[in-house]
Amino acid sequence: MSKTSNINRVDGFAKVTGSATYSAEYKADGVVYACLVGSTIAKGRIKSIDTKKAEWAPGVLAVITHLNVDKPSGYQKPKDKRNFGQSLQIFKDDSVLYYDQPIALVIADTFERMQYAASLIKADYLKEEHSTELHKAADKERKIDTDKGNDYHRGEHDGYKNAEVILETEYTIPTEVHNPMELANIIAKWDGNKPILYTKSQGVEGTRKSVAGVFDVPVENVEVHSEYIGGAFGMGLHTWPYEIAALIGSKKLNRPVKLVLHREQMFTNVGFRPYTIQKMGLGATKEGKLTGLTHEAVAMTSSYEDFMEGTVNMSRFIYNCSNVSTRYRIVPLDTCTPIWMRGPGEATGSFALESAMDEMAYKLNLDPIEFRKRNYAEKDLEQNKPWSSKFLLECYEAGMERIGWKNRKNEPGLLKEGNWLVGYGMGTGTFGCYRSPTSVKAKFLANGDLVLQCSVNDMGPGTATMMTAIGAEVIGLPSENVIIEMGKSGLPKGPTQGGSATTSSVGSAVHDSCNLLLSKVIELASKNVALKGIPITDLTFENGVIFSKKDKSKSITFASLLSSNKLEDFEVENLSKAAEEAKKYSIYSFSVHFVKVLVNPNLGKIRLAHVVSCADIGTVINQKTSAGQMFGGAVGGIGMGLMEALEIDHRFGRPINNNFADYHVPVNADIEKQEVFFVNKKDPISNPMGTKGLGETALVGMAPAIANAVFNATGKRVRDLPITLDKIIETVKV
Amino acid sequence: MKNFQIIKALSASSAVTGKAKDNSSMFIAGGTNLVDLMKKNVVAPDKLVDINGLDLKKIEFLKGKVSIGALAKNSQVAEDSSIKEKHPLLALALAAGASQQIRHMATVGGNMLQRTRCSYFYNTDMPCNKRVPKSGCGAIGGSNRMSAIFGASDSCIAVHPSDMCVALAALDATVLVEGPKGKRQINFTDFHRLPGNTPEKDNTLDSRELITSVEIPDHNFTKNVHYLKVRDRTSYAFALVSVAVALDLKNNVIENARLAMGGVAHKPWRLTETEEFLKGKTVSEELFRQAANLSMKGARGYGENDFKLTLGANAITEALTIAASK
């Protein structure tokens, strides 16, 4: 274990003491307060909108609607399809595409006056029939018009149908919302024609591009600050209409405008995990060899934008099966566009796949892990490539040991603790390891401190801590001497934080830049009179001194090297990319979640007595932050399994439980014992550190583990999430 | 939020007088529900009468009863050692409600006056007869997983969300109030009302009256008691169904029983018929199952909440079993 593998979060002190500055907390001279007023219908047109009372209310500076807006010039240009969320051009016209769609922006001198004025706005609508229920709109399903949207077939189409043992099942997951603690928020201002945003974004560079497109200004003109993020889970992956609204307001008033969404608006205006219906077909021999696997998903999108995610992808490669078919269809509904939510797609898909694998194991009378082992994929059959590394079997073993799998009975309902039925279940997760080109500047200061700069954000996983650890490790410095500057434009370009790719991308770039910095410092030193004649290969750098390895008396301090060269500091900037070699391999992280549940069948109560999450994520850079991510991801999966569902009253097309009292996420008391385990073996291919990515796979596979454990305890198979108590108790029909 | 005035009352009578002057004024104590309702524009009083300064915070053990001041905090009552000893059912019910932070703020009187958690009541874009009389009931035919199975009407199927009140209903408590016409007492079970055609009225308190205290008569329910709360997560969630049980057991024979349910009606649902049925009978699984079935007589579901019929019966059986085994 290296010296840096367990350092504390470098921003922990700032976060817990409140000195960390989040977007809406920046001081901006003359800032005024804005909010969005939403539509009260789900589809139609605005017949009239009465803004007079609001305009006359005390302190109001502007009320902007589609009737008086100065439309951003980019509205005329063709839309960039990649900018999800931007297809809704705010205040463009009188159309209403979903409930709570912003129809007016109110700006006032104080927060309270703004809120009051907003309550005075009333609109009349020409209502049209809306459609918000996936089950009732299935006839509108269609393929998505991109390569990724194509059906996938390996071997025989729907080959499972010819098997000795066949399973055909359907699974449903409801809409789930990200809803981080920190609300979506922005302070927008303009410097001439240069927009400046303090905003909640998972990708500074992406936000710059989106804003540049909407306002038709050069990307370099857009300044974005997003240094601290209070959680995002995917909702910060794209630029949303509220951000554009704040910029429109600020431009009109020529003042900084602060806009923070209401909690209710977080349920309607910034994306969600889409409601998805999945059909599984599994075929196997009586001996438990999978011979066919078909995975179909029908998922919602909005009426104005196509959205898809990797729901069916895991089924193509995770098991050794020669006949695989996958299909993905979308159904447009009258809602905001979905956006990737932690463990996107794969989390949804694994619920269906890993539930079906469990169901098939029971059909075959096999232990679910034995069934998986009999279908273990030695290579990636989808890409026909070897794995870069795969320690999934080690995850199975570690989890079985910790959860006490040997106590499990394959027949449901046999185990009891007091009056509680006991069940064990597991579910496999996986997520691809990606690496984006990333630039990092590494700079030595005269005092020996190392500054690392990158525009990448840290939404909570500990990116700054990871950068510190890798920089300190490569340079051989104490981690206290590393200073991180990140999360804003103008710094060397980093990737969007998503897809578990940050450590692989940014960590590698830190690694490469720091190595380059070392070699450049040594090169410079070798030219210095103090070290004249010593070959570069004999020089090394430690604790602020460059010296000859053979003769330590021949040395120069870094500080004198700088002064003798009349330099104040010394820096390098380097663009780091994945090696060509990596393309020959299939690189994935793997996880397995194990759950022991206690169920009271009379009350439907499910207790999570023990939860164990094991993962093969390559090298673990930091034990603490990795464990934190794994705990958090697993809890997210528990929410998905047991509680989370955005309920819509389809008569009105409106959400019903758009608050934290009614939309439940787990609390401490829900999980009685939880542990995590990492294999922690370096991947030889992925990147210089050998990491593979953790954030997403931490959640993938938890929901089916719970469903499988509940079945093992009760004999009840719940195929529609969440597993609420009414699905466990016998319901009397009235 | 619209502008409002706030005045601080120095005595109960001045609070009552201060409020009486202005029809749209409201009392505010802990504010754990009222402030939310104001922020969401569900209620919009012109004036708030802050009663936190009144001397109504004491818990006093008097002859034959305990008197709990209306401004006693929920956590204060739940953690009071004499309450725990003499009225354990009340302590259990209080501890099951909300979160510790909210219990530190919420008062006994405020807890009684909290509004329903029905989603349609909170969402001002939706129909709700309780919020806007004659606007319709969104929950009927809509999302009604939390809704009532007893005593509802065509106007309203909302439930009262309190845990504390379920225990107080079971324990034959009395509510003491003060109004412009003087003081009066209300039986706890008569305090909250069924919705009928006027669901906008949650209770029988006159709008100008102030709750000053709650009294619980002494009783023998100190051992075989249980408050069972069934909810969607282990903490910080409202009851789908809750059951308050108090048994006075001698040699396994039920001398006396008290039973009330929460999360099932517009008011805490006292089960007097079941209490009578249990009286004098010997504890058994079969007896409790019969009691549960009897208790569910007249219950009806509205779709999403149909499961409460089974859950309610099972919860009563479970709560009786746990109470009897203590």
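## A tour of chains A and B

Begin by selecting residues 1-221 of chain B, which UniProt, in an unreviewed entry, lists as "domain: FAD-binding PCMH-type"; UniProt positions are given in the numbering used here, feature names are shortened, and annotations may be inferred rather than shown by experiment. What you have open is a predicted model, in which local features need pLDDT of at least 70 and side-chain atom pairs count only at pLDDT 80 or more, while totals for chains, interfaces and linings use all residues. Residues are numbered from 1 along each chain as its sequence is written, and chains are lettered from A and ligands numbered from 1 in the order in which they are written.

Over residues 1-221, chain B is 29% helix and 19% strand, with the end C-alpha atoms 46 Å apart; helices (H or I, at least four residues) and strands (E, at least two) are DSSP runs, numbered from the N terminus.

Next, select L89(B), which, leaving aside its neighbours within four places in sequence, is in contact with residues including A167(B), F221(B) and Y227(B); contact here requires C-beta atoms, placed from the backbone, to lie within 7 Å. L89(B) and A167(B) are among the residues with the most contacts inside the largest nonpolar core, which has 308 residues, and so are A34(A), V106(A), I107(A) and I706(A). Such a core is a set of buried Ala, Val, Leu, Ile, Met, Phe, Trp, Tyr and Cys residues joined through C-beta atoms within 7 Å, where buried describes a residue with 20 or more other C-beta atoms within 10 Å of its own, exposed one with 12 or fewer, and partly exposed one in between, the C-beta atoms being placed from the backbone.

Now show chain A whole: there are 13 helices and 31 strands, and of its 734 residues 56% count as buried. The C-alpha trace spans about 90 × 70 × 50 Å along its principal axes.

Then turn to the place where the chains meet, where 32 residues of chain A are in contact with 27 residues of chain B. Helix 3 (residues 111-119) of chain A gives the most to chain A's side, with 4 residues.

Finally, select K281(B), in the loop between helix 11 (272-278) and helix 12 (285-295) of chain B. K281(B) counts as partly exposed because it has 15 C-beta neighbours inside 10 Å, and, apart from neighbours within four places in sequence, K281(B) is in contact with I254(B) and L287(B).

Terms used: Contact = placed C-beta atoms within 7 Å.
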